[in-house]
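User: I am new to this structure and would like to learn how to read its features one at a time. Could you give me the general idea first and then the case at hand?

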Amino acid sequence: MKVKVLNRNPNDYLKTRSGDLPKLPRNVDPTLHPHASQREYTQALNAVKLERVFAKPFVGSLDGHRDGVYSMLTHPKRLPILISGACDGEIKIWNVTTKECLSTLAAHSGFVRGMGINEPGDCLISVGDDQMVKLWNVDEAMNKGSIQPKHTIVSKTMLTGVDYQWGSSSDTFATCGTSVGIWSVNRNEPLRTFDWGVDTISSVTYNKVETYMLASTASDRNIVLYDCRENQPLRKVILSQKTNQVAFNPMEAFNFTAACDDNNLYTFDMRKLKTPLNVHMGHAMAVLSVNYSPTGREFVSGSYDKTVRIFPVGKGRSKEVYHTKRMQRVFCTHYSADSKFILTGSDETNIRLWKSLAWGQMGPVSARERAAFDYNKKLIDRYSEHPQVKRIKRHRNLPKMVKSISKEHMNIRSAQKKKDDNRRRHAKAGSVPRVAERAKHVVNEEE
């Protein structure tokens, strides 16, 4: 005789402590839950709708500049400290948490073309239209409010950008103008100069991982790579239109992204410049600035079309578009050191603070809330290709001007594609090859 006995373990249904949630038994047998996928789909649809409902990315603004904000950087050691340079020559140091201006420096007689700060965060370098390189003590400026530069170097040529070499003991910085110069803070003449037959070099950027590598963008549409230990530039890539700024990925040292005048951004591997890794499209006008998140998973770009876009590293389309009615051309963009916020400087004198995750909650989040966020994210990822979920997830309201220009660009691309298809249909097989989008924009690579 066979007797079946019910056996229940009290640990499966009794609470360990009085404050714990009651444990609910659940049988995971799929035959007992025939409508599980339908319920999951409904939950995913509600989750993606709630993301759009709670998407309020704008946090606040810093008002105090009297002219457009042209350059910007964050303090490497102090999270709330922001330094901005304007078109009237003023440099301001801000406390983003309190939205207070800690110091105002009368730095240059023209544009503040660029700024750089060393890794310890105590030395700030600025260049302007007055052909001067000025070094500032950041700690003293925050304490006293207004100071004089601790050292001034007069350049023989116009300077358009500067960047400090990363490293705790580094005293080297790079400037650009008619050529790229490598300087020491202890000397009034450059240690070495790089030149590769260009008229004006608009920006220069150091790699924070491979600290001897730097890149520059020039008016003749090229991006040049340098090694500070060499006497000659390494290689360059020539694009179809001018590049405005370059940003290196902090987690993938060989990859960098270029912001170009043809409304696109291009991610390259510096070991193989012939073809970009990815083409990031979406802006309606020239892209003026680009900056990577400290996590290396996404970057932010600012454009002449008065919008800010956030791109995942491996995607060709932006995941977020930020804009306001009063925001004008975006000259500079920057991530905060914790990657939770984005700072933008634009032509109408304002610095704006945005959330990097548009629907993210500010302030402390409990464990249950975090678990709910993660569960909803997994649901949205699982059903991301479903038409309804995909439509709601990617839909963004755009300014009328941006929408009309984007529609015109789309019509131009579709007409060109139709023209190529017709030519290919009526030509000899193989005589009109298909050209990938990534290969259309690179003119040449030189070493």
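Analyst: Let us begin with contact, which means heavy atoms within 4.5 Å. In this predicted model, Tyr-41, Leu-45, Val-48, Lys-49 and Arg-52 of helix H1 meet Gln-388, Val-389, Ile-392 and Lys-393 of helix H4. Sorted by class, this contact of H1 with H4 holds five nonpolar, one polar and three charged residues.

User: At what angle do the axes of H1 and H4 cross, and how should I read that angle?

Analyst: Angles under 35 degrees count as roughly parallel. The axes of H1, residues 36–53, and H4, residues 387–394, cross at roughly 10° and come within 9 Å, and the two helices are therefore roughly parallel to each other.

User: Which side chain of opposite charge is nearest to Asp-130, and how far away is it?

Analyst: A salt bridge needs a side-chain nitrogen of Lys or Arg within 4 Å of a carboxyl oxygen of Asp or Glu. For Asp-130, the nearest side chain of opposite charge is that of Lys-134, 4.7 Å away, and Asp-130 is buried yet has no salt bridge. Asp-130 is found in the loop between strand S7 (123–128) and strand S8 (132–137), and, leaving aside its neighbours within four places in sequence, it is in contact with Ala-107, His-108 and Ser-109.

User: How many helices and strands does the protein chain have?

Analyst: The protein chain has five helices and 29 strands, and 45% of its 447 residues count as buried. Its C-alpha atoms fill a box of roughly 100 × 70 × 45 Å, taken along the principal axes.

How values were computed: Residues are numbered from 1 along each chain as its sequence is written. This is a predicted model: local features need pLDDT of at least 70, side-chain atom pairs count only at pLDDT 80 or more; totals for chains, interfaces and linings use all residues. Side-chain values use heavy atoms; hydrogens and water are left out. Axes are lines fitted to C-alpha atoms, for helices over the stretch in contact, and angles run from 0 to 180 degrees between N-to-C directions. Helices (H or I, at least four residues) and strands (E, at least two) are DSSP runs, numbered from the N terminus. Angles under 35 degrees count as roughly parallel, over 145 as roughly antiparallel, 65 to 115 as roughly perpendicular and the rest as oblique. Ala, Val, Leu, Ile, Met, Phe, Trp, Tyr, Cys and Pro count as nonpolar, Asp, Glu, Lys and Arg as charged, and the others, Gly among them, as polar. Buried means under 20% relative accessible area, exposed over 50%, partly exposed in between (1.4 Å probe, protein chains only). Lys and Arg count as positive and Asp and Glu as negative; His and the chain ends are not counted.
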